[in-house]
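Good morning, colleagues. Please look at the sequence and the model on the screen, and I shall then take you through them.

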Amino acid sequence: MASRVDVVVVGAGSAGAVVAARLAEHPRRSVVLVESGPDYRSSDTPSAASSDDFLLATRDSQLVEPGLDAVRTAGQAPRPYLRGRGVGGSSAVNAMVLLPGEPDDYDEWPSMGATGWGWRDLAPWFGRVAVKGRLPAAAGPVAHAVLTAHPQAELALLALDDAQHRVSTNDAYLEPMRQCSNLLVLGDTPVDYVLFDGRRACGVRLVDGSEIEADTVVLCAGAIHSPALLLRSGVDTPGVGDGLQDHPSFPITLRLREPNHFSPVVTALVRDTFVDTHDLQLLAMERADPEMPELAVLLGAYMYPRSRGTVRLASNDPSVAPVVDFGMLSDERDLAGVRAAIRLVERVAQSPAVAAVGEVLPYDASTAGIRASIGDYVHASGGCAIGAVLDPDCRVRGYDHLWVCDASVFPRVPRANTHLPVMAVAERVSALLSDVVSASL
């Protein structure tokens, strides 16, 4: 590796793999992609990550961030929060659902300071995304019951190839570029902090004490770890770690009449409207746990939350997980939205089609019960928002040659599963970055 490279990208997930691969398409541009988790070729993908059963993938300790907990809402104790680790990041362990969100989601962003990020600006980049959605070959029994029970239920577009195998960003973006001598992927390489010359980023210091010098630093470590890395690096831009969001969710469990091993776990969903278009979602999960095939889950979510949380440091030690508090339901409108999502799930769960496959287990939908049981959708967003922490090109305000690109840049979370929007944003940021870096070559 050269003593100094053009670009170092931190994080090889849904954004970082896109950014590194696109920047490396210029043969004179040297790119180093560093990832805290394992690196592997597509042909050597761990069996759990190659599975279309995300429940198996999230139980592989090498594929998820260790020791990361989060508080969902006031009064709840911290519980584990799942984040993908290794090449592909969360795209290697997610439920593979691909949705763009509503145009209104993005048309709201410019009013929040993200000039040039309306739907017309971002829509073309969804078409450039290399991970393509495919319908599952078949629906499982729970999904089939939901498709029968609700007129707006639909088969979900999933990140699958023609053989119905998972496609991560490692598969779609990094694998085709592995032969390029100007792209170096370093797995098992956690970053301690960003290096600065004054207020200009000039590389990264790794946990092992070594350094990578670079003309441009791009943080793609995700909505939890990018703000944490900025904080650990001493970045003083106001708002770092603020504005954290996720979609609040509420589970209703079914005891199935026949054990269910159908895979993928999610093949059908319902998008419905409470106040705003598609602000409710129901996911039909064929299993609650790989070891309990007799249990399934109908998961209801409110997709237009207003509540905000924070990412803060517990320590400057990079081995210590940050303090994550989503602040869910701190805005009362979100509680009303979750109640509407629960009513949607109840209508489906009480239908003859669902009753034929399983019985609903007891749950508590009182206000206290909702606050005690509210969960997330693993759609962490915000914390380094465009228009607040970042300028409209995703550069950190007050600093030079330092960029952020992942779900942390969202001014607010869209009404969608976040994988596809993150890749679209990464495609656009890659083009912006490419123009800037090319000018210096």
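Predicted model: local features only at pLDDT ≥ 70, side-chain atom pairs only at ≥ 80, totals over all residues.

Let me begin with a definition: a residue is called buried under 20% relative accessible area, exposed over 50%, and partly exposed in between, with a 1.4 Å probe and protein chains only. By that definition T115 is exposed, since its relative accessible area is 54%. T115 is found in the loop between α4 (103-107) and α5 (119-126), where helices (H or I, at least four residues) and strands (E, at least two) are DSSP runs numbered from the N terminus.

Residues are numbered from 1 along each chain as its sequence is written, and side-chain values use heavy atoms, with hydrogens and water left out.

Let us turn to the whole chain. Twelve helices and 20 strands make up its list of elements. Its radius of gyration is 21 Å, close to the 22 Å that the globule rule gives for 441 residues, so the chain is as compact as a globular protein of that length. That radius is taken over C-alpha atoms, and the globule rule is 2.2 Å times the number of residues to the power 0.38. Along the principal axes, the C-alpha atoms fill a box of roughly 65 × 45 × 40 Å.

Of the 441 residues, 58% count as buried. The accessible surface comes to about 16100 Å², and 51% of it belongs to carbon and sulfur atoms; these areas come from the Shrake-Rupley method with a 1.4 Å probe, and for residues only the protein chains shown count as cover. Among contacts with a separation of 6 or more, 73% are between residues 24 or more positions apart, where contact means heavy atoms within 4.5 Å.

Which residues touch the most other members of the largest nonpolar core? They are L298 and L402, in a core of 142 residues. Such a core is a set of buried Ala, Val, Leu, Ile, Met, Phe, Trp, Tyr and Cys residues joined through side-chain atoms within 4.5 Å. Leaving aside residues up to four places away in sequence, L402 touches residues including V194, F196, L219 and C394.

C394 lies in the loop between α11 (367-373) and β20 (402-404), and it counts as buried at 0% relative accessibility. H401 is also found in the loop between α11 and β20, and its phi, near 60 degrees, is again positive in a residue other than glycine. Is H401 buried or partly exposed? At 30% relative accessibility, H401 counts as partly exposed.

A cis peptide bond, with omega about 5 degrees, joins S263 and P264, and P264 lies in the loop between β13 (249-256) and β14 (266-272). S42, in the loop between β2 (31-34) and α2 (47-50), counts as partly exposed at 22% relative accessibility. S42 and N170 are 128 residues apart along the chain, yet their C-alpha atoms are separated by 7.0 Å. Not counting residues up to four places away in sequence, S42 touches N170, D171 and E175.

To close, I return to T115. With the same exclusion of residues up to four places away in sequence, T115 touches P110 and P392. T115 and V185 are 70 residues apart in sequence and 33 Å apart in space, C-alpha to C-alpha.
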